[in-house]
Amino acid sequence: MPELPEVEAMRRGITLAVGSTIRSAKQPKSRYRPIRIDPSWEGVEYGVVGRRIERVERIGKRVLIGLSSNDWLVIQPKMAGMLLAGDPPTPEHVRWQLHCQGASDCTITYWDRRGLGTLAFWSDRQLKERLGPDAIGPDALGIDGERLRTIFGELKRPIKPALMDQVKLAGVGNLYASEILFRCGISPRRRCNRIGKRAWEAIATSTRAILLDAIEQGGSTLRDGTYLMVNGESGGYQEAHQVYGREGLPCPRCGTAVRRIVQAQRSTFFCPQCQVG
DNA sequence: CGTTCAACCTGGGCGC
DNA sequence: TGCGCCCAGGTTGAAC
């Protein structure tokens, strides 16, 4: 599910808990296999209860909750996880909850239908080792053309799967990669080393514009509803999708049927007329 | 280096 | 209704 815009929307939603103290942490009984937790649920519970939430950050597609002990709770929603401040869509998919008290009394609920998401409790040092600049690429929200050219310019890979490489660039996923390339008129199959300086600028500009716009709309909620904002409402950016999930429908710019292809085991959507190879 | 496949999970949608 | 299949916003590790 969530890419940078959805994760950023979650982060913003969860800031309501900043200044509050975690009074209890619960992992409800469930018929489902527990999610992966580093080091363990007991470790998390022991580490967070009694701590104040100092800040809520985002690195790539992860939400980080910074605690008064200088430790971090690291949430990686993967395909179907979400953070909620209210009632979850279904109680059985709640994976863990934090009950907070203070500046505002609230419960942070992590809800994940597929259970692929992960949770980690890391010291500040562990965080810097594992998610520092050496481990993960620069954030896509602040990227510029020169930087993109430096990162990708020599590669022979097609641009679309390259943009999704989190070690090189953090935040762009399958949905937004298609939308970004449509917006700047570049074919998803174009090799990185055959993209010119001007085109890299165009890719950077579309990346920032689309991600910012999507954040403002509260992210994209697809048909299956596996992403909701922290307040439980649907996001709005799906209304703005130009090609993603629109195979066979007319390109909004030229009317040619949108095509779906598979690249690196993921669906790519594009307009064969508007996007030049 | 680049690509492909299988896993990790559950659930929705579709054809029969 | 049921079954089998394909699909899904992510990531990892192994194999070629």
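This is a predicted model: local features need pLDDT of at least 70, side-chain atom pairs count only at pLDDT 80 or more; totals for chains, interfaces and linings use all residues.
Residues are numbered from 1 along each chain as its sequence is written, chains are lettered from A and ligands numbered from 1 in the order in which they are written, and side-chain values use heavy atoms, with hydrogens and water left out.

- Buried means under 20% relative accessible area, exposed means over 50%, and partly exposed is in between (1.4 Å probe, protein chains only).

**The chain as a whole**

- Chain A contains seven helices and 11 strands; these are DSSP runs numbered from the N terminus, with helices being H or I of at least four residues and strands being E of at least two.
- Chain A is as compact as a globular protein of 277 residues, because its radius of gyration of 20 Å is close to the 19 Å from the globule rule.
- That radius is taken over C-alpha atoms, and the rule is 2.2 Å times the number of residues to the power 0.38.
- Along the principal axes, the C-alpha atoms fill a box of roughly 55 × 35 × 30 Å.
- Of the 277 residues, 51% are buried.
- Among contacts in chain A with a separation of 6 or more, 67% come from residues 24 or more positions apart.

**Charge**

- Chain A carries 41 positive and 29 negative side chains, and the centres of the two sets lie 7 Å apart.
- Lys and Arg count as positive and Asp and Glu as negative, while His and the chain ends are not counted.
- Each charge is placed at NZ of Lys, CZ of Arg, CG of Asp or CD of Glu.

- S24 sits in strand 1 (residues 21-26) and counts as buried, at 18% relative accessibility.
- Beyond its neighbours within four places in sequence, S24 is in contact with V49, Q97, L98 and H99.
- T256 is in the loop between helix 7 (197-216) and strand 10 (259-263), and its relative accessible area of 26% makes it partly exposed.
- The contacts of T256, neighbours within four places again set aside, are L249, P250, C251, C271, P272 and Q273.
- T256 and C271 are 15 residues apart in sequence, with their C-alpha atoms 6.8 Å apart.

**Backbone features in loops**

- D38 and P39 are joined by a cis peptide bond, with omega about 5°; P39 is in the loop between strand 2 (36-38) and helix 2 (41-48).
- N70 is not a glycine, yet has a positive phi of about 75°; N70 lies in the loop between strand 4 (62-67) and strand 5 (71-76).
- K78 is not a glycine either, and has a positive phi of about 50°.
- K78 is in the loop between strand 5 and strand 6 (81-84) and is partly exposed, at 37% relative accessibility.

Definitions and conventions: Contact means heavy atoms within 4.5 Å.
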